[in-house]
There are 2 protein chains.
Amino acid sequence: MTSLANHAASGFRPPAVPDVDVHGFWGERIDAVADKTVMILYDRCVAAGMFDQIDPERPVPEVRMPFHTRPDGSPDTTNVQMFWDSDVAKVIEAAAYALYRKSNPDLEAKMDSVIAMFEKLQQADGYMNSWFIRIQPGERWKNLRDCHELYCAGHLMEAAVAYFHATGKRTLLDVMCRYADHIDSVFGPRPGQKPGYCGHEEIELALIKLGRTTGEQRYLDLARYFVEQRGKQPHYFDIEAVERDDRKQFRHKNYEYNQSHLPVREQTKVIGHAVRAMYLYSGMADVATEFGDDSLTDALKILWKDLTAKQMYVTGGIGPAASNEGFTDYYDLPNETAYAETCASVGLAMWASRMLGRGPNRLYADIMEQALYNGALSGLATDGTTFFYDNPLESRGAHHRWTWHRCPCCPPNIARTVASIGTYMYAVSADGVAIHLYGKSTARLTVGSGIVTLAQKTEYPWDGKVEITVSVDAPAFFKLALRVPSWCDGAKLTVDGEVIDAASIESEGYLQLSRRWRGGETIVLDLPMAVRALRANPAVKADLGRAALARGPLIYCVEETDNAAGLNGLVLPADIADAGVAPAKDLGKAVGIEIPVKRERWPDMDGSLYDTAKPVLEDAKARFIPYHLWDNREPGEMLVWVRTQP
Amino acid sequence: MTSLANHAASGFRPPAVPDVDVHGFWGERIDAVADKTVMILYDRCVAAGMFDQIDPERPVPEVRMPFHTRPDGSPDTTNVQMFWDSDVAKVIEAAAYALYRKSNPDLEAKMDSVIAMFEKLQQADGYMNSWFIRIQPGERWKNLRDCHELYCAGHLMEAAVAYFHATGKRTLLDVMCRYADHIDSVFGPRPGQKPGYCGHEEIELALIKLGRTTGEQRYLDLARYFVEQRGKQPHYFDIEAVERDDRKQFRHKNYEYNQSHLPVREQTKVIGHAVRAMYLYSGMADVATEFGDDSLTDALKILWKDLTAKQMYVTGGIGPAASNEGFTDYYDLPNETAYAETCASVGLAMWASRMLGRGPNRLYADIMEQALYNGALSGLATDGTTFFYDNPLESRGAHHRWTWHRCPCCPPNIARTVASIGTYMYAVSADGVAIHLYGKSTARLTVGSGIVTLAQKTEYPWDGKVEITVSVDAPAFFKLALRVPSWCDGAKLTVDGEVIDAASIESEGYLQLSRRWRGGETIVLDLPMAVRALRANPAVKADLGRAALARGPLIYCVEETDNAAGLNGLVLPADIADAGVAPAKDLGKAVGIEIPVKRERWPDMDGSLYDTAKPVLEDAKARFIPYHLWDNREPGEMLVWVRTQP
């Protein structure tokens, strides 16, 4: 489907969602999304009045902005939002993946009706944004800094591609191509064009998707233009502020907030709003892949190191602060107040996935897996009905999933991510296939001119043994790259029973099987999953004297329901050799960890704050569950970083 | 001097500053204040242009409010402040105490000139506030909530009393009596009077001081009126806002900020701005003493428990948050970001001192001592030249004392407190004397109709042995109450060599010697000072798994200069039996603590954030110094709560 002039031959690209059938661990989650989440998302969009804003056949809502305050002083749910097109777009995208998995005529009819709203909304010149057509007509393209206009367009492009892949229906795809053409006419270097870009990145990666799907080079070029323009002087956001006579200080104070403080190649610190940052870097990585741009990749490598070595929670959560929904100082990673927005972990997985566009490298795939299985997946209840916006690593018992959110970005974002997990698992180049994530699944991939089918049989992530059967439509030479996660010691590989020396074929953390495949080969990869006790860099003050348990790709936590209240009284041994696995209670197939610990019992301090009295250490057993499964049973305390003997 | 109708016979009142000659530990500090700090305070008032605002013979300054911004974006020092009368008042008060200690004609002339400014500033009706006379004329008494008007008056009353006691000069005292008379005419229950009170408490305790000094009952009654009015409905701050047509929301959002959310007897949680809270409670305690009001005392006992059992740092610092300069949630006591304003610890000592007005009780005196020796005294460099505004319990090395502050409340506040420490050490009732604090000193006290002279010989707080010689002008019966601090185990008492069974004469933590004193008696009190390891209530998350060392009244800390960087790598043993005392390096007579510890050495984590690698524990020795002495040598890290083996 892709036949673009600039395609760098070495690039790896994800398959489309329908190319991968996912079963097992992720399959259950996708089923929950398809069976419940997607219809819930639609219903809550209805309940929030979002279609009242979008549907041009309804009366324009009376606007209550800024937020209306209820008589009790609490903020009312707003009835319009300038970014709602994007949230509806993500619902369409998630629904598309759900429709591919399971036929659902009712859902499909509802999505068709939503798409029809957008089609009717679209202006003769191709422009299509519900806020600036219906709420603030005449104000389009005047405030790219704050108004999410191109961001909304980007999410609708992603939705259009997904809906086309899943249903074959072109309506939204055509609408979005017309809109993309319009945007391409408005923005650019030519006289009369605006040299701008969006305050909230997203359109960059979306244009790449649209370009890959339609084969339209202009979309790739426009993505690249937006990336290249960002942060240049004179600063576009200054120029447009003068043009609209806006003398107010930017409320986020500086352009670090939206990563436009410097041209992208000069940026070395991951900074500002976390989701924006991840979407920018994702778009940069896509452009680097499409244009074979090593200078962009080099800039991204510096940013990658900056994020993962100084600013990331062990769950793959990022952006500790609520105030800017983003980054603060290096090593500032408080656990209880962690913002760690679900969307930000999704964004990190997106960026990591796109860093793999330059070739398999577990530096990126390991973090992708860490973010997906922990900080992102925690955002969705196991039954698919409720959502975390922020994902703290400690709770005193009052933090629970929402049914909806004033800014409903996370629910459809985690839904679309889970439902499209197959696109993260595999990647394809002209002459190779990479398996980045293990999980029961069957992928039908186009490699060169042939079709390669890979079937994984595994209980991953509960067990590290993976059996992969290779089928081909005709014998073909290609490279099959299998990731050995950095958390794994002693990986073993056989092909058709023949032991392969893993070290001899390892490159960037992947085992590279380069051969002519006849079909019918069975590859067995055994990835031992020992329980690990992770320590944080001592510069992370919040984690000093504490350890986090992990097994395979999963970070674990303790919950009150398994361990009683007072989780900060638990003290792990210095050596965790006695840790063992055990079924996690009431959590399906989930593998838990049990370990003998000490538990502090405090003497009665008689209401005093400070005393020479010391706690007594009692023998106890702690029961850990995977972090992403917390708050699915009895509500209560939760803790990832548990105190440990030095 | 006091002969007021309402004097409750049982009340204990502090001596005047000239009644106590202080030597030893505090004497050195008073000398530094007298020799250096007071003139520095004056000079910095001059440099900040504060007298340009106050002196009616100078041109009215061109106002740069709200804060002027420098070209580089940093805030300029403002050139006027509505609360500057109060800061100058505290300078006068501190100077008065210094003048009593040491003659200083130059300083006295300067203070006389400042007092002359105020005298000229005073209006015909007695009103006197530089802001509302010179900067915003016509606006007086319109915004008690925000404008510090009565607060400024209060500090000037305290200054007037102090200057009168120290120099015998009545000018400022007379000015302030006229102003107090004016205030007494403006505020009250009669028709045409305002039923208001100040948003920043202070006038209440100041009117008590003025009443005690002048014998004027109306001042005590007015103090009581302000206390009683606070928080009543309809709310005065609402009424005055309507009267001045002010529809803006109170920027601190609710009246908890200034403790006017409820009538004072209904308040049970210590809340809002910390200094305001302490000054209110101090005033309430004074009123309770003067009027023998048990219902006020009962309310204060609840607040006392609330503060000291849930909201106080181990240093006696209070008010963890910068945002409201005050209180947050129970047990929220972060160490590195502790606001713990110097003024707030001073205020706590003031409140504690006034709780002792109802009789000796170490519940209050212990905390008074804790706040004075630690969270308050840390605010002043040993050389008397620089000042902490906030007093964190941990620093990465960038926290240092200021030469001055935009809001210069703390420097004169700690100066006047140190210089008047004698008033905290002793208290006198009709038939008794209490020694609340030990320290080398001689006090000449009027007890009943006689003069009692108490001379303490001691190295306290470096050593716990105290020798007290009693002299009387004529043999007299009175009770002498000697505090045994709650931190002390095994106190021993002799009178003229005769061993007294301490337990048999103990009441509320004081040893009560009731006898006919002939003069010449020598009392020896031995208070053993073992090194203690304090643990915080486990609800204080910031201190979990940590201990603070203490000896006598002093809380200790480690500094980088004695222990190298990386103080969070130090791990105390579970049992501190091997702790010993040793001279603190380059800190005069200060007693340090040395203790064998473990020190974590981290393996090279190769820039990674999380790893299974563990630190190695090496044997080391940690050197502790008294907290109040930190940041007087090489700048660097500091830590109070040190990690400990469970």
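This is a predicted model: local features need pLDDT of at least 70, side-chain atom pairs count only at pLDDT 80 or more; totals for chains, interfaces and linings use all residues.
Colleague: Take A:Trp304 and A:Trp351. What sort of pair are they?
Modeller: Edge-to-face, because the ring planes stand at 70° with the centres 4.8 Å apart; the cut-off for that class is over 60 degrees.

Colleague: Where in chain A do the two sit?
Modeller: A:Trp304 is in helix 12 (residues 294–310) and A:Trp351 in helix 13 (residues 342–355). They are 47 residues apart, so the pair links distant parts of the chain.

Colleague: Buried or exposed, A:Trp304 and A:Trp351?
Modeller: Both are buried.

Colleague: Over to chain B. Why is the pair B:Tyr127 and B:Trp141 called edge-to-face?
Modeller: Because the planes of the two rings are at 90°; their centres lie 5.2 Å apart.

Colleague: And which parts of chain B does that pair tie together?
Modeller: B:Tyr127 is in the one between helix 4 (105–121) and helix 5 (130–135), B:Trp141 in the one between helix 5 and helix 6 (149–167). The separation in sequence is 14 residues. B:Tyr127 is buried at a relative accessible area of 0%, and B:Trp141 counts as buried at 4%.

Colleague: Which residues do ring pairs link into a cluster?
Modeller: A:Phe25, A:Trp26, A:Tyr373, A:Tyr438, A:Tyr460 and A:Trp462.

Colleague: Now charges. What lies over the face of A:Tyr330?
Modeller: A:Lys310, at 4.5 Å from the ring centre.

Notes:
Residues are numbered from 1 along each chain as its sequence is written. Chains are lettered from A and ligands numbered from 1 in the order in which they are written. Side-chain values use heavy atoms; hydrogens and water are left out. Rings of Phe, Tyr and Trp (its six-membered ring) pair if their centres lie within 6.5 Å; planes under 30 degrees apart count as stacked, over 60 as edge-to-face and the rest as tilted. Helices (H or I, at least four residues) and strands (E, at least two) are DSSP runs, numbered from the N terminus. Buried means under 20% relative accessible area, exposed over 50%, partly exposed in between (1.4 Å probe, protein chains only). A charge sits over a ring if NZ of Lys or CZ of Arg is within 6 Å of the ring centre and within 35 degrees of the ring normal.
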